[in-house]
Amino acid sequence: MQQLRLLHGGDYNPEQWLDRPDILAQDIELMKKAHVNTVTLGVFSWSTLEPQEGVFELDWLADIVHNLYANGIYTILATPSAARPAWMAHKYPEVRRVRADRVRELYNRRQNYCYTSPVYREKVRIIDQMLAQRFGNDPAVLLWHISNEMSGDCHCELCQAAFRRWLKARYGSLDALNKAWNARFWSHDYTAWEQIESPAPQGENAVQGLALDWKRFVSDRHIDFLKFERDTVKKFAPDAKFTVNMMYRFDGIDYFKMSKEIDIASWDNYVSISLRSSDSAKSKLYDFPITKSSIFAPYCLSLYMEYL
């Protein structure tokens, strides 16, 4: 294939109509008409890749990847960790996040896994390993996309214990922690590490040092999870390159710190179009809100350039 100069494409979720080969064929024709040369696959495919625990079905993905490649379209292959299958959430409750009010979530939505859970990490390791073994050296795969829009926090006991370990490593002693947090205010001195919990609506939410360190810890947990997935893939694809989709003006993760762990900084560019009419009924203008893109593109570039 010809050397690419500009990647043009987007997310593609063909697993939603695998029973319609006519649509799959039409997709490729429409992509070619739009001069698409790259698509992202597999972001939300886990339930199709592993419909039952330990039962893996990757042939359909290989067929899609190679059909695209035969038509001049590369694949950015995602790890599917952002959306776990229902069988996993019900069999292993610890993979579901606990909210700040200490209530464990039911199976729902996406981007709501416990990033500390050993069970979840093991399940992610297995599926990532299967993908890396199958596609790690495939010329059709241009780049690896780790998870999706990493965000949110988990307040389970596993994360509470990890938070306390993180604090011990940061401060070394409770005296140093109490000093840094100005804990003497309102008589908030801590005398045992086990007394420290994450901020909660029905618990501690007024100690600013605690709130700030919790955000730092959560950011580090996400980055650690990213590194865990990246390294799992690299064991079988040592030359692989990685990206993760960041989000405009999102403050839940230190993106400058995260960018050190990837090869390409990227973000989700949600283009919207609003129809605006002027005083003249005959004159209408499509208003593209480009402000976000114009601001965030240089920001992402700075993440990349800083570590070259």
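A: Asn 108 is buried, with a relative accessible area of 17%; buried means under 20% relative accessible area, calculated with a 1.4 Å probe on protein chains only. This is a predicted model, in which local features need pLDDT of at least 70 and side-chain atom pairs count only at pLDDT 80 or more, while totals for chains, interfaces and linings use all residues. Residues are numbered from 1 along each chain as its sequence is written, and side-chain values use heavy atoms, with hydrogens and water left out.

Asn 108 belongs to the loop between helix H4 (86–91) and helix H5 (118–135); helices are DSSP runs of H or I with at least four residues, numbered from the N terminus. A polar atom of the Asn 108 side chain lies 2.5 Å from the backbone oxygen of Leu 106. The side chains of Asn 108 and Arg 109 make a polar contact at 3.2 Å. A polar contact is a pair of N or O atoms within 3.5 Å; within protein, one must be able to donate a hydrogen and the other to accept it, and residues adjacent in sequence count only if both atoms are side-chain atoms.

Ser 198 is buried, with a relative accessible area of 2%. Its side chain joins that of Gln 160 in a polar contact of 2.8 Å. Leaving aside neighbours within four places in sequence, the residues in contact (heavy atoms within 4.5 Å) with Ser 198 include Arg 102, His 155 and Trp 214.

Terms used
Helix = DSSP H or I, 4+ residues; strand = E, 2+ residues; numbered from the N terminus. Buried < 20%, exposed > 50% of the residue type's maximum accessible area, 1.4 Å probe, protein only.
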